[in-house]
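Please find below a colleague's note on the model under review. It is set out as numbered points.

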Amino acid sequence: MKILIRNGRVIDPESGLDAVCDICIAAGRIQAVGDVPADFHPNQEIDASGLVVCPGLVDLSVRLREPGFEYMATLESEMRAAAAGGVTSLACPPDTDPPLDEPGLVEMLKFRTRNSPGPRVYPVGALTWKLKGERLTEMAELNEAGCVAFSQADAPLVDTRVLLRALEYAVTFDLPVWLRPQDPHLARDAVAHDGIVAARLGLPAIPVPAETVALQTILLLARETGARVHLARISSRAGLDMIRRAKHDGLRITCDVAVHHVHLSEMDLVDFNPNCHLVPPLRSIRDREAIRQALREGLVDAICSDHTPVNDDAKERPFQEAEPGATGVELLLPLTLKWAREMQVPLLQAIDLITRRPARILGVQAGVLAVGQPADVCIFDPERPWTVSRQTLLSLGKNSPYLGMELQGQVIYTLVDGHVDFKRNH
Amino acid sequence: MNGDLQLNADGSLRHLLTLEGLPACILTQILDAAESFIPVAQRGVKKVPLLRGKTIFNLFFEPSTRTRTTFEIAAKRLSADVVNLNIASSAQSKGETLLDTVANLSAMQADMFVVRHAASGAPHLIARHVAPHIHVINAGDGRCAHPTQGLLDMFTIRQHKGSFHNLCVAVVGDLLHSRVARSQIHALTTLGCPEVRVVAPRTLLPRDVDSLGVHVHYRMQTGIKDCDVVIMLRLQTERMQGSLLPSPQEYFKYWGLTPDKLKLAKPDVIVMHPGPMNRGVEIDSEVADGSHSVILNQVTYGIAVRMAVISLLAGN
């Protein structure tokens, strides 16, 4: 199968390319970027005039909900949603039921995702058995089975000694550990940022030190062990300041933010919208501004969707009883574009945050449009407006804070391995 | 947003969920209506036919005596049919969701729901999902709001002090967990009270409590000095377990209202408490039963205020 993508604005953060040109794909790989070789005879041509052609998106946190939560969403539905969002590689957190703590489970997941169309799926293994924070998992075996990193997802790791040993054990095999900093005691039973809105609404509150106290512990242990630590879902200005200092001191860390935290704040909770019940909580406007600046400055390495489809029964509850999380894999691109537009950030830099840089964190060959690379490509209309609704979202999770809102930018084609996995009429 | 949900397009009240964002004219309208209902209680037949043929469901997902009873009396004095549901011990324990419970009761031709729930925002959720002709009254949700209590407290203050414009009001105690305090503060600031103080140890204050427009005092000596009104809040004994306070004894010593401490306030100060009281924890019996106390008046006014809210929502 040979595909020619014509006349698109090709953006490749790796090479810095941002120009209207053609891309040739053959046998699942990129054969040429720029001039079409004379002997290239495509079976299919895609007219990308007026569209942007970039590497397929790489999303560091997409819950596929299998095994265990099939009543919320299925592997098939969420992989289709990811493809519709332009995502060609995704990491799925281990908080399934049972959690991804056994090689057999990971092999099964890999097997099932390999055999269905859609993005490449990279499981993140559980750092501790059953995510209980007590016993280490068989990290080396899990790695052989396909886990690219290890994490607790949102489960607490109360015992600092277990954390230290998990990092030490991970160092043995040079395995990355992804941690969302949150002190379990300071966040216990609480659901909203400890600020003006929680004070008004009377919601049990999570103070910023829940993030910074845990972050300090992780940074000290990362320094002590030399572990490759990725800090997930940073939510506060104070947290970002600590990461800036740690990076400046030469610590080998990376970090990401969830795309919802780039645009929303505690203010969005005022009518108790359960779709704004997120983990970590939406924080103050100052925190949100700090996130937006830190992205521009390059301090934050990636934006992820933290895609969490939740069924209506679990969401349509009083705020604090509602299952946290928001569907988002289909919004990663338009919300990143929105940030770039509002902050006057070049498209190349914005796309870098959802392609090449998260691919580096994953440690996989993705996020580039170079000759010889697998042809994972996202083609989108950067201007096209669309309304987020239960009908337009393909994910079975309709739990979006953006329901009813109009966003700009929509994926038209998604190619994985040179195969068109998603196509929207345009 | 709350305002949108509880007001009709013409600005009249559709639901009563919180006092935050309600205009002063609506608060005053309710207080005036309550005043007109006071004489009903003094009649031989304590009933008016305003809500004849209407059905009101008291949905109490959390136990309550005073609030549930006064709502029931208020509805009955308006001639409504009242159904009391103690849901903590029925449907929800069988796994039914809140919205399913409400849908089932709506199918029984309910006209109004009076809702008490342990989670902040639960009445908002119900209000978003009920049919247009059904009204929702929040009878206390989590730590968020208890608007009829706030209103009856305003009614009490107005009965004793005339107006709000020159008053200094101190709210003392567990502000962090108190829905009553939040409703009182919103009502006081809306009705033009120039100085609202909150008095509590730091552990019992929300982090950004000053954003509610109050002056923060940690100690009683400054907190109730020269006040016209002192409102004491209930301290639940569970707070000792949560490492919020060391002991009830220390709390009483520093924040309990005693005759000595009350001398710091104005000579004509009134003392209020939403009940139920913990004598010897937040308030000394001598103060609770003393000449400054208007605590039992609050309960009596509670019926008239709830009658006013119910009848206004029903369109009278």
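1. The structure is a predicted model. In chain B, two domains are assigned: domain 1 covers 2–145 + 299–313, and domain 2 covers 147–295. Their C-alpha centres are 25 Å apart.

2. Where the two domains of chain B meet, domain 1 contributes 25 residues and domain 2 contributes 19 residues. On the domain 1 side, at least two residues come from each of α2 (24–37), β4 (135–141) and α12 (295–313) of chain B. By residue class, this side of domain 1 of chain B comprises 15 nonpolar, five polar and five charged residues.

3. The contact between the chains involves 25 residues of chain B and 21 residues of chain A. On the chain B side, two or more residues are given by each of α1 (2–6), α4 (98–106), α5 (122–129) and α7 (179–190). The most come from α5(B), with three residues. The chain B side that touches chain A divides into 11 nonpolar, eight polar and six charged residues.

4. How many of the 19 residues of α12(B) are buried? The count is 14, so α12(B) is largely enclosed by the rest of the structure. Just after this helix, B:G315 adopts a positive phi of about 95°.

Key. Residues numbered from 1 in each chain as written. Chains lettered and ligands numbered in written order. Predicted model: local features only at pLDDT ≥ 70, side-chain atom pairs only at ≥ 80, totals over all residues. Domains from an automatic or database assignment. Contact = placed C-beta atoms within 7 Å. Helix = DSSP H or I, 4+ residues; strand = E, 2+ residues; numbered from the N terminus. Nonpolar A, V, L, I, M, F, W, Y, C, P; charged D, E, K, R; others polar. Buried ≥ 20, exposed ≤ 12 C-beta atoms within 10 Å, placed from the backbone.
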